[in-house]
Amino acid sequence: MPTAPLPHFPAGFRWGVSTSAYQIEGAVGADGRGPSIWDTFAHSPGRIADGSSGDVACDHYHRHREDVALLAGLGVTAYRFSVAWPRIQPGGTGPANPRGLDFYDRLVDDLLAHDIDPVATLYHWDLPQPLEDAGGWLARDTAARFAAYADLVAARLGDRVKLWITLNEPFVQMSLGYGTGAHAPGRTLLFDAFPVAHHQLLGHGLAVAALRARSGSPVAIANNYSPVRALGGTDADRSAAAAYEALHNRLFTDPLLGRGYPEGTVGDPSVVRDEDLALIAAPIDVLGVNYYNPTGVRAPQEGSPLPFELAPLDGYPRTAFDWPVAPDGLRELLGWLHRTYGDALPPVEITESGCAYDDVPDVDGRVPDPERVAYLDGHLRAVRAALDDGVDVRGYFVWSLLDNWEWAEGFTKRFGLVHVDYATQARTPKSSYAWLRDAIAAARRKPAR
């Protein structure tokens, strides 16, 4: 367990935690909510590791006041949640479902009553199933539908949400949802999934305009990033690492910041219309950075359909997901963004960072998780080091407040600061919750460096 106090952080640094709608809300049939691609995917045999679904999840829809009390006890200054598109537009089009908006209205007001900034993500992968039936993110029309949905949410919440995030991890939606089929909607298009990237980015650009018309709050996007490390010293290994970096880190950043798509990443060029890149590059106020681990890459085997091969990185502790715990990678990543994009890079917030471990209550009902405490300590120190390097980092959000339904892994992976007994829905703060509570309180008392 770390004993040294954290270094100073700037005054106004945002301390938060993150969740997403399908992973915690449950109540999938309540108050007019329609089906999403994850409802369909989770109920398809063989898709989820333990055969579960998000039908109930953490029942946050009915227990949100209990969860807001946990946020208040933690002392965070912000809570990042996602709005479930199928609650607002059950069919993906048309007027808003008022009962769906009512839930988020109550949530936002309860957060503000506890001096917690509401940070709303509009899309965390739960596309309404009728839109997927019409082509999903492969269809250009979905970008326009997303902007119309953003307008509906902002019309109701735009006076109180403190930061908007349009999309969460569009790379993951493209690669796992449409590329390999490991996530909903389960398509296996590999590099033919490029239209998914473009239409998500186009939807982001259109949504930025919709949000700015309804709200004076800043607008962001949350991208998943991973430092790429070539395993092997050959030119082929280095070329493979460059190809993966372009796909994972630059495909969803270069066009956002006015550089267009990286060379070699555009599949069907007819998908990109003349005006699209200007729409995608609409100025944003914050770049959300989701960081979990670096990625090892080497040259592919002969005959591989991909120009790279992912390989494990040795020499690091591992999480229950078998991901390397590498705080140095976060500092490396932030430095890479700073050097690569220079003045075009807006202020950065770490919108997700966390780890899964097999946390089990002890005989006294407590949930010790010293590995997570060490993870958070190391990654927060990496953020402080990046600040010292000159990177404008303004916040850190832990993934996640609660143990939750972890996509294709079901209930087998626990990321929470709070343990959830899925049979009873009992919430038990872990030792990491207490550590972070004390760390935030101490950091907020300290003057800026």
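Biologist: Which residues does Arg 156 touch, not counting residues up to four places away in sequence?

Modeller: Arg 156 touches Pro 98, Leu 101, Asp 102 and Asp 105, where contact means that heavy atoms lie within 4.5 Å. This is a predicted model, in which local features need pLDDT of at least 70, side-chain atom pairs count only at pLDDT 80 or more, and totals for chains, interfaces and linings use all residues. Residues are numbered from 1 along each chain as its sequence is written, while side-chain values rest on heavy atoms, with hydrogens and water left out.

Biologist: How far apart are the C-alpha atoms of Arg 156 and Asp 102, and where does Arg 156 lie?

Modeller: Those two C-alpha atoms are separated by 9.1 Å, although the residues are 54 apart along the chain. Arg 156 belongs to helix 7, residues 141–157; helices (H or I, at least four residues) and strands (E, at least two) are DSSP runs, numbered from the N terminus.

Biologist: Why is Arg 156 called partly exposed?

Modeller: Buried means under 20% relative accessible area and exposed means over 50%, with partly exposed in between, using a 1.4 Å probe and protein chains only. Arg 156 has 26% relative accessibility, and therefore counts as partly exposed.

Biologist: How do you know how the span of helix 9 compares with the one expected?

Modeller: The expected span is 1.5 Å times one less than the number of residues in the helix. Helix 9, residues 194–214, has 21 residues and reaches 31 Å from its first C-alpha to its last, which is close to the expected 30 Å. Helix 9 is also mostly covered, with 16 of its 21 residues buried.

Biologist: What makes helix 8 roughly antiparallel to helix 9?

Modeller: The axes of helix 8 (residues 170–180) and helix 9 come within 9 Å and cross at roughly 150°. Axes are lines fitted to C-alpha atoms, for helices over the stretch in contact, and angles run from 0 to 180 degrees between N-to-C directions. Angles under 35 degrees count as roughly parallel, over 145 as roughly antiparallel, 65 to 115 as roughly perpendicular and the rest as oblique, and the crossing angle therefore makes helix 8 roughly antiparallel to helix 9. The contact is made by Pro 170, Gln 173, Met 174 and Tyr 178 of helix 8 together with Val 196, Ala 197 and Gln 200 of helix 9.

Biologist: Is the crossing of helix 8 and helix 9 left-handed or right-handed?

Modeller: The crossing is right-handed; a crossing is left-handed if the near helix is turned anticlockwise from the far one by less than a right angle, and right-handed if clockwise.

Biologist: How do you know that strand 4 and strand 5 pair, and in what sense?

Modeller: Two strands pair if DSSP finds at least two bridges between them. Strand 4 (residues 163–168) and strand 5 have three bridges and pair in the parallel sense, with Ile 165 standing opposite Ala 220 in strand 5. Strand 5 is also joined to strand 7 (residues 286–291) by six bridges, and these two run parallel; here Ala 222 stands opposite Gly 288.

Biologist: What makes strand 5 mostly covered, and which way do its residues point?

Modeller: Seven of the seven residues in strand 5, residues 219–225, are buried. In a regular strand the side chains alternate between the two faces of the sheet. From strand 5, Val 219, Ile 221, Asn 223 and Tyr 225 point one way and Ala 220, Ala 222 and Asn 224 the other way, and all are buried.
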